[in-house]
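I opened my notebook today to look up a few charged pairs and some strand pairings. Here is what I looked at, entry by entry.

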Amino acid sequence: MNRGTAGSALPSRPLAHRAPARPPGRGRRRATALVALAAALLLVPALLGAGPGGSGETVPLAGKEPGERLDVTLTQVVDPASPAPDDTDRLVSVRFRLENTGTASYKDSPASSAHLLDSDGQRFTGLNASTGAGPAFPDTVTLDPGDSATGFVTFKLPKDAGLAAVQFALNGGLADDVGQWSLS
């Protein structure tokens, strides 16, 4: 009875091996660069947008519930929108077009779903206020699948604040999927 042949012995060391040591900090820098690149690739589609007064890109957004989907288009920015509230603040109105591309009805407040970011990083929540720019969305907009609506969301901010971006997210601004249009 043959108990074994030459070359059939198990290796004396494990099959896995350890990678050569890296110089200190190299792995951390590489990981940071990869994370930054991944974040940039995810954000680029959402950062498409328009400057004040111009039309923007359409951004598809999902809500928290199954079937909640909207195509949101920034169509106009009016800065300043009249009437001015006082000598220290101004109104900026942003017109959106909302189209329900999902399978569920959309029922939400576009004003609480929209935010304006100024150049100092301050965030302003939208208001349901009509201005000289045009009519505001109603407090609650309901869109069945395939329906669309257009209206303004207005923001009150300091007179000297620079405009940086407008954001929109379903579910009163709380959905994870956020569209952003650059205004600078």
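Is Asp-79 buried, partly exposed or exposed? I looked it up in this predicted model. Asp-79 has a relative accessibility of 32%, so I wrote it down as partly exposed.

**Entry 1: the partner of Asp-79**

Next I checked what the side chain of Asp-79 meets. It forms a salt bridge with Arg-90, with 2.7 Å from N to O. Asp-79 sits in strand β2 (residues 69-81) and Arg-90 in strand β3 (residues 89-100), and the two are 11 residues apart. Arg-90 has a relative accessibility of 10%, and since buried means under 20%, Arg-90 counts as buried. A reminder to myself: side chains of opposite charge can pair when their charged atoms come close.

**Entry 2: the other salt bridges**

How many salt bridges does the count come to? I noted three.

Asp-89 forms one with Lys-156, and their closest N and O atoms are 3.8 Å apart. Asp-89 belongs to β3 and Lys-156 to strand β8 (residues 148-158), so this pair ties together parts that lie 67 residues apart in sequence. I compared their surroundings too. Asp-89 is buried at 16% relative accessibility, whereas Lys-156 is partly exposed at 40%.

Arg-97 and Glu-99 form a salt bridge as well, with 3.3 Å between the closest N and O atoms. Arg-97 is partly exposed at 32%, and Glu-99 is partly exposed at 26%.

β3 kept turning up, and I wanted to see what it pairs with. A reminder first: strands of a sheet pair through backbone hydrogen bonds, either parallel or antiparallel.

β2 and β3 are antiparallel and share nine bridges. Across this pairing, Gln-76 stands opposite Arg-95 in β3. β3 and β8 also run antiparallel, joined by 11 bridges. There I found Ser-93 opposite Thr-154 in β8. I also checked how covered β3 is: nine of its 12 residues are buried, which I wrote down as mostly covered.

**Entry 3: an open sheet**

Which order do the strands of the open sheet follow? I traced four strands as β6-β5-β9-β10, with antiparallel pairing. The edges are β6 (123-125) and β10 (179-182), each of which pairs on one side only. From one strand to the next, the twist averages 25°.

**Entry 4: strand β5**

I then looked at β5 (residues 114-118), which pairs with β6 in the antiparallel sense over three bridges. Leu-116 has Phe-124 in β6 as its bridge partner. β5 also pairs with strand β9 (residues 163-168), again antiparallel, over five bridges. In that pairing Ala-114 stands opposite Phe-168 in β9.

How many of the residues of β5 are buried? I counted five of five. In a regular strand the side chains alternate between the two faces of the sheet.

**Entry 5: the hairpin**

Last, I looked between β5 and β6. This hairpin has four residues between its strands, and Gly-121 takes a positive phi near 90°.

How values were computed: Residues numbered from 1 in each chain as written. Predicted model: local features only at pLDDT ≥ 70, side-chain atom pairs only at ≥ 80, totals over all residues. Heavy atoms only, no water. Salt bridge = Lys/Arg side-chain N within 4 Å of Asp/Glu carboxyl O. Buried < 20%, exposed > 50% of the residue type's maximum accessible area, 1.4 Å probe, protein only. Pairing = 2+ DSSP bridges. Axes fitted to C-alpha atoms, helices over the stretch in contact; angles between N-to-C directions.
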